[in-house]
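Me: I have a model open and I want to learn how to read it. Can you take me through the features one at a time?

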Amino acid sequence: MARVSTYDNPEFIRAYVDNIVPYLSRTLYGHVVGVVVSEGSRVLDAGCGNGEVAESLASKGCRVHAIDNSAQWQDYWRREYGNSTNPKYDRGNILDMAFRDRTFDTVLLNMVLLNVPTARRVEESIAESRRVLKPNGRLVITDLDLPSLARGLLGTRKVVLPTGFHFMEGDPYETGLQFGDGRKFVFRNVYWPLHTYTSLLAKYGFSTEITEIINREFMAPEYLLFEARKDT
Ligand SMILES: C[S@@+](CC[C@H](N)C(=O)[O-])C[C@H]1O[C@@H](n2cnc3c(N)ncnc32)[C@H](O)[C@@H]1O
């Protein structure tokens with residue numbers, strides 16, 4: 001029986017750490033860390049999950065604050081990292097960040113907005129990120145490049161996208177994954193196309209570079225990375 005993923009389910013959290021984090025470490029995290037890292041800079045990892053990227057950034061000299069709204073992740077950080085001060089972990093909501101204006105050099109939303117269910121909330125999280133960024137600070141966002149990924153996966157059995165899937169802004173979609181130990185989970189995400197990001201980032205005064213991150217196994221871009229610079 002497949003379980004629906006939720007970051008408040010301890011079983012899913014364990015499966016995520018055992019299976020998804022190693023996959024993201026191979027395919028995505030190195031690119032993200034390479035873009036974000038800058039010695040001594042103040043970084044907010046917003047929606048940080050288990051803290052894999054936050055730990056890597058701190059080990060490379062960034063001063064990292066990491067937040068996530070899942071109580072399960074909070075338990076996990078306590079177990080794994082104790083009272084770490086860099087990264088500093090706090091339970092927090094990306095829609096209402098408990099930080100002063102102009103605090104961070106970089107805000108990272110790494111594979112987070114695909115969990116945000118409405119365009120209005122995506123907009124709120126971009127507005128909040130802008131508020132806590134210093135002038136000329138950077139907002140780095142990643143998401144799946146779903147149309148490209150689906151094309152690349154055609155004819156493979158790696159991931160099964162539901163039949164009838166279509167690419168409309170704000171559509172929920174499900175991806176079923178069976179992990180090595182046989183457990184099956186269903187990921188429920190929301191599709192935000194390129195224009196959701198480019199139009200909101202322009203509206204909030206960012207100039208944005210977009211990078212495609214290629215998965216060589218699929219020979220297709222698997223992720224999109226937005227590096228958005230706040231104007232003032
Ligand atoms: C796909 S995971 C990515 C986690 C991590 N950034 C990574 O790359 O491994 C999405 C994360 O976003 C968090 N999240 C979703 N909505 C959030 C919100 N409104 N505020 C804070 N965290 C949120 C979830 O709890 C989950 O840990």
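Reply: We go from the sheet to the helices, then to the ligand and some single residues.

Me: What kind of model is this, and how are residues numbered?

Reply: It is a predicted model: local features need pLDDT of at least 70, side-chain atom pairs count only at pLDDT 80 or more, and totals for chains, interfaces and linings use all residues. Residues are numbered from 1 along each chain as its sequence is written.

Me: How do I read the sheet, and in what order do the strands stand?

Reply: Begin with the terms. Strands (E, at least two residues) and helices (H or I, at least four) are DSSP runs, numbered from the N terminus. Two strands pair if DSSP finds at least two bridges between them. Here seven strands form an open sheet in the order S4-S3-S2-S5-S6-S10-S9. The pairing is mixed.

Me: Which strands stand at the edges?

Reply: Strand S4 (88-91) and strand S9 (206-215) do. Each has a single partner strand, so one side of each is left without a neighbour in the sheet. Neighbouring strands of this sheet are turned by 20 degrees against each other on average, direction ignored. For such angles, axes are lines fitted to C-alpha atoms, for helices over the stretch in contact, and angles run from 0 to 180 degrees between N-to-C directions.

Me: What about S5?

Reply: S2 and S5 pair in the parallel sense over three bridges. Leu 44 has Val 107 in S5 as its bridge partner, and Asp 45 stands opposite Leu 108. S5 and S6 pair in the parallel sense too, over six bridges. Phe 104 is partnered by Leu 133 in S6. From S5 the chain crosses through helix H4 (residues 119-132) to S6, a right-handed β-α-β crossover.

Me: How do I judge the hand of a crossover?

Reply: Point the strands away from you. The crossover is right-handed if the path from the first strand over the helix to the second runs clockwise. S2, H2 and S3 also make a right-handed β-α-β unit.

Me: Which residues of H2 are buried?

Reply: A residue is buried if 20 or more other C-beta atoms lie within 10 Å of its own, exposed if 12 or fewer, and partly exposed in between; C-beta atoms are placed from the backbone. In helix H2 (residues 52-59), Val 53, Ala 54, Ser 56, Leu 57 and Ala 58 are buried.

Me: What covers the buried residues of H2?

Reply: The cover includes helix H1 (10-36), strand S2 (42-46), strand S3 (63-68) and strand S5 (104-110). Contact means that the C-beta atoms of two residues, placed from the backbone, lie within 7 Å. H2 lies across S2, S3 and S5, running at about 170 degrees to S3. Two of these strands are mostly covered themselves: four of the five residues of S2 are buried, and six of the seven in S5.

Me: Which residues come nearest to the ligand?

Reply: A residue is near a molecule if its C-beta atom, placed from the backbone, lies within 6 Å of it. Of the 19 residues around the ligand, Tyr 7, Gly 47, Gly 49, Asn 69 and Ser 70 come nearest.

Me: Where is Ala 71, and is it buried or exposed?

Reply: Ala 71 lies in helix H3 (residues 71-81). With 12 other C-beta atoms within 10 Å, Ala 71 is exposed. Ala 71 touches Asp 8 and Arg 91, not counting residues up to four places away in sequence.
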